[in-house]
Amino acid sequence: MARISRRKLLKLSGAGAVAAGSGGMAAILASGRAPAYAQATTLHWLRWNDFVPVSDEVLRKEIVPACEKALGIKLNIEMINGNDIQARTTSSIQSGAGPDVICALNNWPQLYAESVADVNDLVEEIGKAQDGFYDESRAVANDGKRWLAVPWCVLGAQQAYRKSWFEEIGYTGGKFPQTWEELRDAGKKLKANGRPMGQTLGHTFGDAPTYAYPYTWSFGGKEVEADGKTVVLNSKATVEAVKFMIGLYKDAYDEGGLAWDDSNNNRAFLSGTCSCTLNGASIYLEAKRKPTTYLTDKGTPLWEDILHAPLPKGPAGQFGYHLPMSNMLMKYSKNQKAGMDFLRWITSKPVYQTWFDSQQGYSVGATTIWEKDKLWDKDPVMLPFRTAARAGRFPGYAGPADRLRRRGRQQIHYGRHVRQGGAGHGGGRCGKVGA
């Protein structure tokens with residue numbers, strides 16, 4: 001074992017004392033040593049396997065080493081199928097041990113409110129620095145009293161469709177059906193040509209709820225009243241929505257979609273057996289990433305024949321729901337100080353920017369500042385995703401009138417007022433909200 005002389009030991013101790021005495025990061029960096037708590041800390045972050053593979057590579061190859069360098073924290077990122085996260089979360093809470101930070105999809109933070117650490121001050125800090133959070137991020141990660149999780153991003157959901165195939169049935173110039181009746185008529189023609197639309201309605205976290213919620217709302221259906229307790233799903237409006245869906249699905253869709261998960265529609269579209277599906281931009285980005293692999297029936301790159309559009313209008317209006325993600329810091333974690341520092345660091349604009357760029361528009365940040373990013377200047381096909389989250393509703397949405405009443409109680413945050421939303425697939429009021 002190498003010996004350390006008394007003189008060297010005193011020097012090392014002195015450097016640490018200076019850092020501690022000054023209390024500043026500059027002193028810590030000058031000493032060449034990370035904070036004491038972080039030297040022995042490994043932080044476990046459980047999240048989904050991204051549908052944009054390059055983003056997972058960025059996390060592994062860039063964020064992990066950068067985290068250790070900046071914070072002294074050894075970051076262990078575990079990536080699993082999104083549908084498996086809830087089972088892991090439940091077992092971890094029951095056993096009192098597991099990942100320190102867990103990625104939550106949709107409104108999952110509400111299910112684990114008693115099992116998450118207090119991140120309220122941190123989220124308020126992030127919101128103030130980045131122009132406030134979207135309504136959707138607030139609705140899923142805040143219980144009305146405090147923040148249950150740190151909002152991470154919102155995945156825009158749009159109809160990906162084959163431009164040339166829709167032109168063959170009369171939708172020229174990149175036009176897309178504006179109502180469900182028009183979509184049903186277009187789908188009949190496409191299916192007759194062996195090009196059905198495709199849509200999962202199965203038990204999965206992404207494309208099924210981001211389709212089924214807006215569809216139901218567009219007919220006037222909803223789950224609960226404004227009190228959040230009175231169940232009103234079994235309404236005339238919902239019944240009408242179900243009746244129309246039965247005919248729509250048989251006439252226009254691949255009926256095997258009832259058994260699909262969030263990856264089946266990607267494969268169907270990329271293989272040329274599906275003409276249209278509600279999805280994130282992952283289909284387009286994958287086709288663009290492999291232009292010689294994914295081709296049209298004419299041998300041209302498939303990505304050049306893909307456009308995006310919002311879901312159609314129904315009798316009650318036009319709506320959207322876009323997949324929100326948040327990070328929960330678990331109460332059982334023995335590394336809560338490190339977890340808090342990590343979440344503050346990774347959501348800071350300079351660090352998050354690296355990950356955001358790798359997404360190429362597949363997701364937007366949970367704060368509205370990311371709408372202004374230069375990334376959106378690069379590809380006009382991706383523009384429908386830029387402000388999708390601004391018009392997004394959320395699970396438990398009880399209708400425009402109720403939403404305005406509730407929003408009136410939290411209309412001003414950080415000196416900014418809620419803006420009147422323009423025309424689009426959200427309608428109503430939407431816009432900036434504070435953390």
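Q: How many bridges join β3 to strand β8 (residues 323-329)?
A: Strands β3 and β8 are joined by 5 bridges and run antiparallel. Strands here are DSSP runs of E with at least two residues, and helices are runs of H or I with at least four, all numbered from the N terminus. Two strands pair if DSSP finds at least two bridges between them. This is a predicted model, in which local features need pLDDT of at least 70, side-chain atom pairs count only at pLDDT 80 or more, and totals for chains, interfaces and linings use all residues. Residues are numbered from 1 along each chain as its sequence is written, and side-chain values use heavy atoms, with hydrogens and water left out.

Q: Which residue in β8 is the bridge partner of Cys103?
A: The partner of Cys103 is Asn327.

Q: And in which sense do β1 and β3 pair?
A: Strand β1 (residues 42-48) pairs with β3 in the parallel sense, over 2 bridges. Leu46 has Ile102 of β3 as its bridge partner.

Q: Is β3 mostly covered or exposed?
A: Strand β3 (residues 101-105) is mostly covered, with 5 of its 5 residues buried. Buried means under 20% relative accessible area, exposed over 50%, and partly exposed in between (1.4 Å probe, protein chains only).

Q: Which residues lie on each side?
A: Val101, Cys103 and Leu105 are on one side, and Ile102 and Ala104 are on the other.

Q: Changing topic, where does Ser218 lie?
A: Ser218 lies in helix α11 (residues 207-218). Its relative accessible area is 0%, so Ser218 is buried.

Q: What joins the side chains of Ser218 and Trp180?
A: A polar contact of 3.1 Å joins them. Such a contact is a pair of N or O atoms within 3.5 Å; within protein, one must be able to donate a hydrogen and the other to accept it, and residues adjacent in sequence count only if both atoms are side-chain atoms.
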